Amino acid sequence: MSAVPPPPLPRQPYQQPHPQPPRRRTGLIVGLVVGVVVLALVVVGAVVAVGRLQAAVARPSAVVGPTGAKPTFAPQSSVSYEDPRAAIPTVYAGSLGGACPTSGDLSTWELATAAMERYARCVDEQLDRVLAPTGKSFLAPRLEFVTADQVPGSSCTGVAEDPERYPAMYCRGDGAIYVHSSMMNRIRLAPSFAFVMIAHEHTHALQAQLNTWEGDRNDPQQLRRHELQAQCLAMHAYARTTGLDLPVDADLAVMRQQWTNDLPVHGSGASRTRWNEVGLAATTIGACDTWSAPADQVT
């Protein structure tokens, strides 16, 4: 809509013209001042634009996951903070848990994946709350579901090689969690496996963000500390999350049987049982500090 023109000014009565005073160079001076001001504004604008461009480049690119529900950030290997480990004491003082949407029917792969997506959003929120006092946000991994006839386009290995033993995997380089359809075998044994798996892989993403890893990445004991902490935190979240409408007692009985199995990388049956039980009873994340535990507790 075009602007309405202002009313015309009242016409001045005719007066006899007066002799013109000598011309001064005021207009030239004003013009120079205006020019300097405009130039300064242009320079300031350019500096601001460059600053915004640098901030945009430094910020990781947002990638919308399969659900389109929440922006995620990938890859996490490119994310760096000034000192991510400085946030660890604050995070360890916090706790996971809260209300999540009901699980619903998990009897088919399609229904189970929908439930796992709901779990993922809920665990994202829990981890966001834990990180809030540090001034950071949780960099949520995206979920990728893989069936038997698919090979995930991942920079990591694991799911495609042995999906029966490791039906889910977090890949830091991709900022993604890959879940194989063989996960249904565990869900049929105990529906709670679906939530525990999501919480386990998401806490791997938390470990990556905080850079909790210590020592040599090829050291088997360091690998076990890494995995046992994630499992402890998964059970901590499971015990303190409400609304899932899962058969907790029956599922716990099944899961406890599974914990007694020795697994490469993930630990002996004794260590797995210990840290899963610690997680169930934990009131803070710091209870799952496997990095400070003696070597005989992370076998």
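Predicted model: local features only at pLDDT ≥ 70, side-chain atom pairs only at ≥ 80, totals over all residues.
The side chain of Arg142 joins that of Glu144 in a salt bridge, with an N to O distance of 2.9 Å. Glu144 is partly exposed, at 27% relative accessibility. The whole structure contains two salt bridges.

Strand β4 (residues 142–146) pairs with β6 in the parallel sense through five bridges. In this pairing Phe145 stands opposite Val179 of β6. Strand β5 (residues 168–171) runs antiparallel to β6, and four bridges join the two. Here Cys171 is placed opposite Ala176 of β6. β5 and β6 form a hairpin with four residues between them, and Gly175 in the turn has a positive phi of about 65°.

Five of the five residues of strand β6 (residues 176–180) are buried, so the strand is largely enclosed by the rest of the structure. In a regular strand, side chains alternate between the two faces of the sheet.

Four aromatic pairs are present in the structure. One of them, formed by Trp109 and Phe145, is edge-to-face, with 5.8 Å from centre to centre and 85° between the planes. This pair links distant parts of the chain, 36 residues apart: Trp109 lies in helix α3 (residues 109–131) and Phe145 in strand β4. Trp109 is buried, with a relative accessible area of 15%. The ring centres of Phe195 and Tyr238 are 6.3 Å apart and the planes lie at 40°, so the pair is tilted. Phe195 in helix α5 (residues 192–210) and Tyr238 in helix α6 (residues 220–240) are 43 residues apart, and their pair also links distant parts of the chain. Phe195 is buried at 0% relative accessibility, and Tyr238 is buried at 5%. Phe195 and Tyr238 form one aromatic cluster with Tyr119.

A charge–ring contact involves Arg274, whose charged end sits over the ring of Trp275, 5.2 Å from its centre.

Key: Residues numbered from 1 in each chain as written. Heavy atoms only, no water. Salt bridge = Lys/Arg side-chain N within 4 Å of Asp/Glu carboxyl O. Buried < 20%, exposed > 50% of the residue type's maximum accessible area, 1.4 Å probe, protein only. Pairing = 2+ DSSP bridges. Phe/Tyr/Trp six-rings, centres within 6.5 Å; stacked < 30°, edge-to-face > 60°. Lys NZ or Arg CZ within 6 Å of the ring centre and 35° of its normal.
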